[in-house]
Amino acid sequence: MKILLINPEKLVHPPFGLLSIGSMLMSKGYDVTLVEMPFGVKDREREACFFRELERKAPDLIGFTCMTPQAPVVRHMVRSIKEKYRRKVPVVVGGMHPTVDPEHVLSWGADIAVRGEGEMTALDLMRHYAGELTDLGAIPGIAFRKDGKTVLTEMRPLIPDLNTLPPTDYSLLAHSRFKRRCYSIRGFWLRNAWIMTARGCPASCIFCATNAMYGKRVREFKTERLLGEIEYLRKRFGIEGFWVVDDNFSLKERRVVEFCNGVIARKIGLPWACQMRVDSFTEGMARAMKQAGCVQVDFGVESGSVKTLTYLKKDITPDDTRRAFRIAKAHGLRVLGTMLIGVPFEEEKDINETFALLDEISPNFVAPFFITPYPGTELYATARERGWLDEKEAIDWQSTDHFIMKTGASPEYLRQVYNRALAYNKSTIVSYLTNPRFLGDMIKLFVRHPVSILAMAWYLVTGRQKESMNVFLRVFRMSY
């Protein structure tokens with residue numbers, strides 16, 4: 001069988017789930033092509049690009065990955081296939097959105113919605129479409145329509161040992177993906193790779209749906225496997241750094257130290273960064289990470305208010321944040337702190353406590369986000385129950401420009417809070433503007449998008465950092 005896997009929007013980081021499924025299918029002898037659609041283009045342009053791939057590949061099955069922000073894009077593509085493609089081909093959609101809202105995905109015309117991890121489900125679906133497994137209802141972890149009704153099969157158990165999965169086959173991705181430099185490690189402009197060392201998260205944050213996809217039990221890839229992958233990426237693609245994408249890389253000190261010792265022993269010699277929780281970060285981790293070339297730690301600060309943190313179910317305190325930042329800085333690590341804006345029931349007093357904490361811990365970079373009630377989260381259920389979402393209107397899940405929930409908070413005030421948070425990033429912006437690699441790449445972008453780059457520069461010099469960042473991100477992702 002020939003399988004065409006589609007990443008509907010090419011973002012900075014690779015589509016990990018789709019890449020793993022493609023690797024699994026290739027290891028079993030299937031003919032797999034993975035195509036990444038350009039970001040930020042109009043539906044007509046994306047459709048033309050997509051149909052060229054369909055004619056070139058003539059697949060026997062089409063598979064999409066879909067996060068909630070990508071739902072409108074995938075919906076349009078699925079409907080286009082069903083209405084316009086000359087061949088009848090099964091369309092399968094997997095990822096976070098079909099996991100938490102399979103009924104929505106099936107309403108687009110998709111034949112199958114995959115719920116949860118997709119590697120083993122993909123193999124069962126191949127057997128089904130080859131005629132070896134006739135009963136769709138016997139395949140765990142899917143949803144489909146039968147006699148006009150939606151059928152949800154039982155959830156497939158999570159893969160107990162991730163190391164039984166085949167190695168990631170990076171030949172599925174275009175070589176050009178690793179040629180461009182990016183901003184994943186804030187303040188650095190590098191050809192980056194992204195490493196997922198585990199799946200699952202034991203936390204219960206109300207704004208995160210990771211548990212719906214990967215569960216609460218953390219399952220780890222072996223350190224030797226991860227180090228081999230990094231070495232391969234360095235030799236094959238010439239990467240200049242890497243970023244560990246795990247939500248909880250700091251869960252076990254022993255494992256972090258083991259990873260760092262391996263990086264040192266293999267003389268990988270690349271700058272890298274990771275995400276960690278403030279309550280599990282330790283001196284031992286910081287010491288080992290610094291020795292292994294780590295340059296930055298990203299912490300989920302979110303708020304300086306005990307009341308707000310309790311509502312978010314972060315299970316951390318401002319003192320945890322102070323301690324983590326103190327340790328990181330003592331070992332010469334840069335620190336990034338995320339901040340959530342628009343948390344329900346938050347008052348001006350709580351926001352002032354957050355800025356007081358930021359002033360105290362002095363992060364190298366603050367990443368502010370308007371809190372968004374994505375489907376599958378506890379916050380989404382609360383927002384629907386309280387009427388904070390106008391579900392009669394189309395919700396722009398992809399936009400980070402505005403506050404989605406109607407909780408009574410003033411949008412103008414929240415925008416002021418957002419802009420105030422961005423003001424902490426002046427030194428990082430200066431580091432980019434004095435980086436020859438960054439400036440060289442901006443010149444290349446200017447040649448292709450002169451009006452947009454001039455607008456970005458104008459917003460920057462007039463103090464409108466948010467607008468400048470939006471223009472940069474849009475143009476950069478379109479060119480990535």
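Surface patches are taken as groups of residues with over 30% relative accessible area and no salt bridge, in which like charges are joined within 9 Å and nonpolar side chains (Val, Leu, Ile, Met, Phe, Trp, Tyr) within 5 Å; a salt bridge is a side-chain nitrogen of Lys or Arg within 4 Å of a carboxyl oxygen of Asp or Glu, and accessible areas follow the Shrake-Rupley method with a 1.4 Å probe, with only the protein chains shown counting as cover for residues. The model is predicted, with local features requiring pLDDT of at least 70 and side-chain atom pairs counted only at pLDDT 80 or more, whereas totals for chains, interfaces and linings use all residues. Residues are numbered from 1 along each chain as its sequence is written, and side-chain values use heavy atoms, with hydrogens and water left out.

Under these criteria, Ile443, Phe446, Val447 and Leu454 make a nonpolar surface patch of about 410 Å². Helix α17 (residues 436-448) provides the largest share of this patch, three residues, while Leu454 lies in helix α18; helices (H or I, at least four residues) and strands (E, at least two) are DSSP runs numbered from the N terminus. Leu454 counts as exposed because its relative accessibility is 53%, the classes being buried under 20%, exposed over 50% and partly exposed in between (1.4 Å probe, protein chains only). Pro450, also found in helix α18 (residues 450-461), is partly exposed at a relative accessible area of 35%, and its C-alpha atom is separated by 32 Å from that of Met339, 111 residues apart along the chain.

In the interior, strand β8 (residues 192-195) is covered on both faces, with Asn192 and Trp194 buried on one side and Ala193 and Ile195 buried on the other. In a regular strand the side chains alternate between the two faces of the sheet. Strand β8 pairs in the parallel sense with strand β11 (residues 241-244) over four bridges, where pairing requires at least two DSSP bridges, and Ala193 stands opposite Phe242 in β11. Phe242 is also among the residues with the most contacts inside the largest nonpolar core, which has 101 residues; such a core is a set of buried Ala, Val, Leu, Ile, Met, Phe, Trp, Tyr and Cys residues joined through side-chain atoms within 4.5 Å. Apart from this core lies another, of 27 residues, including Leu54 and Val73.

Pro344, placed in the loop between β14 (334-341) and α13 (348-361), is buried, with a relative accessible area of 4%.
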